[in-house]
Amino acid sequence: MRRFIRFILVPLLVALAWAAPARAQSNADDLHKFFTDYFEEHLRDSPEDATNIGRHEYDSRWTDWSKAGRDLRRSHLEERLKKLDAFSPEGLSDEDRLSIRLLRYDLQQRLAAGDVEAHLLRLGQVFGFHNAVYLVVDRMPARTVHDYENILARLRAVPTYVDQNIGILDEGVAEGLTQPKGIVDLVLAQIASQLAQGSAESGLLAAFRKFPSNIPAEEKTKLLNEATATYEKQFLPTWRKLQTYLTTSYSAHVRPEAGLGTIKGGQEDYAILVRRYTTTNMTPAAIHSLGEQELVRLEAAMLAIARETGFAGTLSEFDAKLAADPAQHFTSQEEMLVYCRNAAKIIEPNLPVLFKHIPLLLYGVRPIPADREASTPTNAQAPSPDGSAPGWFNLNTYEPAKQARSNKQSLVLHEAVPGHIFQISLARA
């Protein structure tokens with residue numbers, strides 16, 4: 001019987017083997033082309049993202065934040081999701097099937113959260129649209145005349161960029177989607193600090209203060225003059241316009257309290273954002289409960305460490321003891337930077353003990369710029385995948401004497417290695 005089955009099935013399997021790989025390969029090839037096309041479309045739609053990953057063919061412009069531009073990007077997402085759902089999993093590798101699941105999730109969440117992200121989260125003291133100008137220009141290369149012309153083009157496009165974002169904020173006001181007063185005040189403080197910077201101090205023109213040697217002297221002078229004129233005649237008036245808008249029009253409509261639940265539909269919007277940023281289907285209440293449980297667990301572990309030092313009081317009392325100890329604080333910004341740089345270099349040699357794959361770790365430790373440091377937490381930027389731009393552990397060095405030395409090593413672990421810089425670099429490898 002076994003021989004009968006073998007003689008019947010083998011020819012059939014051989015015949016299928018000729019047809020199935022062809023279909024499967026065709027399906028896989030089509031899927032890979034779809035992924036590539038989607039990625040390239042995303043870079044065209046979002047030039048800032050292209051800059052951040054080291055793709056510089058769109059460095060001369062900003063994302064189109066007009067209503068028409070947003071609608072076009074949404075139609076692109078909808079069309080991509082529709083095409084993705086049409087792919088059969090037949091013959092695909094486990095990796096390709098996982099890629100489909102991940103992209104489907106991302107597209108669905110971006111579509112669901114698009115409105116609230118645009119109307120609410122465009123304004124913020126960390127990654128708000130005003131700070132995005134500084135963050136993106138900081139990631140732009142400055143090696144050739146063309147690179148400098150791209151920076152100039154982006155600076156000249158700031159007035160349109162700001163007008164489009166003011167249009168978004170006006171839509172948010174009309175829909176009752178506004179930020180609370182506390183966030184607006186922080187943003188206004190940053191804008192005031194940025195307005196106080198002349199062309200010789202602004203981070204936006206940093207590249208024009210240190211030209212590479214390959215650019216001729218007359219070209220340097222020309223570019224610097226153009227940058228100074230653009231900054232003074234276009235950027236600063238636009239920033240003052242934004243300041244006036246936020247101080248008058250927008251501030252009159254801020255939401256009454258910090259919680260999203262204080263605005264119409266806020267509970268639903270919050271649930272959307274929770275799914276978007278936690279990548280789970282947990283409810284906000286369930287996540288809050290989990291957070292409370294984790295707080296109890298972590299505080300118990302912290303108290304146990306305090307006991308190891310011989311301390312017999314409460315955790316709050318231990319915190320107060322540390323806060324009162326001058327040795328647990330810094331005396332200067334430079335001391336903080338040296339401490340964190342040293343911690344990173346102590347950690348790095350231990351990475352191969354814990355990880356099989358070590359990505360490119362081209363990064364530095366630098367302070368958050370003075371115009372943002374009072375309201376911006378320590379954060380991380382991964383290097384570009386091709387190594388053309390470094391990553392940064394951006395350290396909040398505001399008021400060093402009030403900063404705790406005891407939490408800085410864990411901050412390096414979380415933000416740099418093996419935290420976000422390591423994590424994002426590995427994901428991009």
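I take buried to mean under 20% relative accessible area. The model is predicted.

**Confidence**

I looked at pLDDT before anything else. The chain averages 92, and 94% of the residues score at least 70. Over residues 1–22 the pLDDT is below 50. Beyond near neighbours in sequence, that stretch has four contacts in the model. Where pLDDT is low, predicted coordinates should not be read in detail. I leave residues 1–22 there.

**Aromatic pairs**

I searched the whole structure for ring pairs and got 15. I picked out phenylalanine 129 and tyrosine 161. Their ring centres are 6.2 Å apart and their planes stand at 65°, so I log the pair as edge-to-face. The cut-off I need here is over 60 degrees. Phenylalanine 129 lies in helix α5 (residues 129–138), tyrosine 161 in helix α7 (residues 158–175). The pair therefore ties together parts that are 32 residues apart in sequence. I checked burial too: both phenylalanine 129 and tyrosine 161 are buried.

Next I took tyrosine 148 and phenylalanine 208. The centres of these rings are 5.1 Å apart, with the planes at 75°, so this pair is also edge-to-face. Tyrosine 148 sits in helix α6 (residues 145–156). Phenylalanine 208 sits in the loop between α8 (181–195) and α9 (217–250). Tyrosine 148 has a relative accessible area of 0%, so I count tyrosine 148 as buried. Phenylalanine 208 comes out at 3%, so phenylalanine 208 is buried as well.

I also found a cluster. Ring pairs link Tyr134, Tyr231, Phe235 and Trp239.

**Charges over rings**

I then looked for charges over aromatic faces. Arginine 73 lies over the face of tryptophan 65, at 4.7 Å from the ring centre. The charged end of arginine 276 sits over the ring of tyrosine 277, 6.0 Å from its centre.

**Tryptophan 392**

Last, I looked up tryptophan 392. Tryptophan 392 lies in strand β3 (residues 391–395).

How values were computed: Residues are numbered from 1 along each chain as its sequence is written. This is a predicted model: local features need pLDDT of at least 70, side-chain atom pairs count only at pLDDT 80 or more; totals for chains, interfaces and linings use all residues. Side-chain values use heavy atoms; hydrogens and water are left out. Helices (H or I, at least four residues) and strands (E, at least two) are DSSP runs, numbered from the N terminus. Rings of Phe, Tyr and Trp (its six-membered ring) pair if their centres lie within 6.5 Å; planes under 30 degrees apart count as stacked, over 60 as edge-to-face and the rest as tilted. Buried means under 20% relative accessible area, exposed over 50%, partly exposed in between (1.4 Å probe, protein chains only). A charge sits over a ring if NZ of Lys or CZ of Arg is within 6 Å of the ring centre and within 35 degrees of the ring normal. pLDDT is the predictor's confidence in each residue, from 0 to 100. Contact means heavy atoms within 4.5 Å.
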